[in-house]
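The entries are kept brief.

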Amino acid sequence: MASPLLRPSLHHFLSLRLLGTAAPRAVERLAEAPSQGFAADTLPVALTFEDPSAFRVKSFGELLRALGVFQLCSVPVLVNNCGKLMSVARTLLGKRGFALFLRPSVYAQFVAGESEGEITHSMEKMSSLGLRPMLAVPIEEDLGESTGERRYNDNLASMLECVDMSHSNAWSKDPMMQLKITALLSPELCVKLTTLLSEQQYDLDLLVRAMDGEVGDFPGLQESENTHFLCGLQRLNKVGETSANKVRVLVDAEYTYMNPALSLVTMAMMKKFNQDGAWIWNTYQCYLKESRSLLLKDVHLSISESFCLGVKLVRGAYMDKERKLANSEGWSEPVHESWEHTNDSYNGSLDILLELISRDPQRYRIIVATHNEESVRRAVQRMGELGIDKDGGSVCFGQLLGMCDHVSLTLAQQGYLVYKSVPYGSVDNTLPYLVRRAQENRTVLQGIRKERDLLRLELHRRTNVAG
């Protein structure tokens, strides 16, 4: 009998009944599907992620750089204070000296480059390894960081350049890019919309009409907020129009105090641009207690509104901040109490999506965005059991550039579709992004012992051969 952590219990699938009579019979049958576990000894040897030969495609210098950076990243005091330390280093070394210090180390490990030539070189190298780039413009805002319409329009220009760069180069057959809505719409407005949405729902058609340029009033917003929302929706519409049928745009989730607004806007974009395929995707953070219900609600919405659903499935990166905020405000914590519950949530949502994809691979798509080896193995196993093509495009895998290469390269070598999240830009522009990612992913950074060990084994093998 399968472990309850390996597959959601029957009542999880029964919750799909909430999708209503509009759901296809194929979706309803998920509730009747028998529980099927799998034993670790049935997994392909190649997917145990224990073989350092995956790193043979890396140069000696790349191995040394990765090992040195990971060694630093495994020191908690450095990760927790990296923002302050980098600020001090920039002051002492000056802008140019700091860039010269950072470029060959941390920057080279996690960033594709600044100029189009540097980015192209990085992407061509990635493509030669069987990996696909998912470009990420390192622009985002949080509360108190809003910069005005002119800056948001500048950000739009950067997003459109990203679409063009993703599409115009032969880096991958099916290009993807990431988008943070707070690069085009103020966090303050997103927070207000989230509050309003707890009291009343906005009609998606209202947002779609606003994207098309129709001037209207949104309930609960002041005139200046209404104007900014209209401008923001038209900026997002421009991204959608430019990327449609060319580049898949994966919208990132952010904090719970603004996520409902981000999801509302993303669903409106899906309704407009996902009629014939999943070009706009939403992100689901499985460390949140409500993640499963949010996913099921959006599956239902995609059926009732007749659009295709693209899903980026992550565990989530804002756990510490969410807990601190909940404690300071006296709210109940939105995140799961334990790592085990988060794993159960992730694997359960993964199972639901894979079942849906097996029945309608054109309507649903997923990127299994995780560094967790167990979830990757689970996805591979279920794909085989459900008859989902590894290169069909409906299921792909994703990891961060510069991390988890032993998983990414092994998957790619076995013929699975693997994307790496790739930030790009100058040292100054990417530094705040890198600091935030380091602090949000500190548990991942501090848990890369296995990758360090595999890097050491490959270095040892090469030095022995050379000797």
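The entries below follow the order in which I consulted the structure.

**Entry 1: the model.** I noted at the outset that this is a predicted model.

**Entry 2: the barrel.** I looked up how the strands are arranged. I found that 8 strands close into a barrel in the order S1-S2-S3-S4-S5-S6-S7-S8, with parallel pairing. From one strand to the next, the twist averages 30°.

**Entry 3: strand by strand.** I then followed the pairing from S1 onwards. Strand S1 (residues 132-136) runs parallel to S2 and is joined to it by 3 bridges. Methionine 134 has methionine 176 in S2 as its bridge partner. Between S2 and strand S3 (residues 248-251) I recorded 4 bridges, again in the parallel sense. Here methionine 176 is partnered by arginine 248 in S3. S3 and strand S4 (residues 280-285) run parallel and are joined by 2 bridges. Leucine 250 stands opposite tryptophan 281 of S4.

**Entry 4: helices on the sheet.** I next looked for helices that pack on the sheet. Helix H6 (residues 116-128) does so, touching S1 and strand S8 (418-423), and its direction makes about 145° with that of S1. Helix H12 (residues 291-304) also packs on the sheet and touches S4, strand S5 (309-314) and strand S6 (364-369); its direction makes about 155° with that of S4.

**Entry 5: aromatic pairs.** How many aromatic pairs does a search of the whole structure find? I recorded 4. Tyrosine 202 is in the loop between helix H8 (187-197) and helix H9 (204-211), while phenylalanine 218 is in the loop between H9 and helix H10 (223-243), 16 residues apart. Tyrosine 202 has a relative accessible area of 7% and is therefore buried; phenylalanine 218, at 4%, also counts as buried. Ring pairs link Tyr202, Phe218 and Phe229 into a cluster.

**Entry 6: tyrosine 255 and charges over rings.** Tyrosine 255 and tyrosine 257 form a stacked pair, 5.3 Å centre to centre with 15° between the planes. Both are buried. Lysine 321 lies over the face of tyrosine 255, at 4.2 Å from the ring centre. Elsewhere, the charged end of lysine 390 sits over the ring of tyrosine 416, 4.6 Å from its centre.

How values were computed:
Residues are numbered from 1 along each chain as its sequence is written. This is a predicted model: local features need pLDDT of at least 70, side-chain atom pairs count only at pLDDT 80 or more; totals for chains, interfaces and linings use all residues. Side-chain values use heavy atoms; hydrogens and water are left out. Rings of Phe, Tyr and Trp (its six-membered ring) pair if their centres lie within 6.5 Å; planes under 30 degrees apart count as stacked, over 60 as edge-to-face and the rest as tilted. Buried means under 20% relative accessible area, exposed over 50%, partly exposed in between (1.4 Å probe, protein chains only). A charge sits over a ring if NZ of Lys or CZ of Arg is within 6 Å of the ring centre and within 35 degrees of the ring normal. Two strands pair if DSSP finds at least two bridges between them. Axes are lines fitted to C-alpha atoms, for helices over the stretch in contact, and angles run from 0 to 180 degrees between N-to-C directions. Contact means heavy atoms within 4.5 Å.
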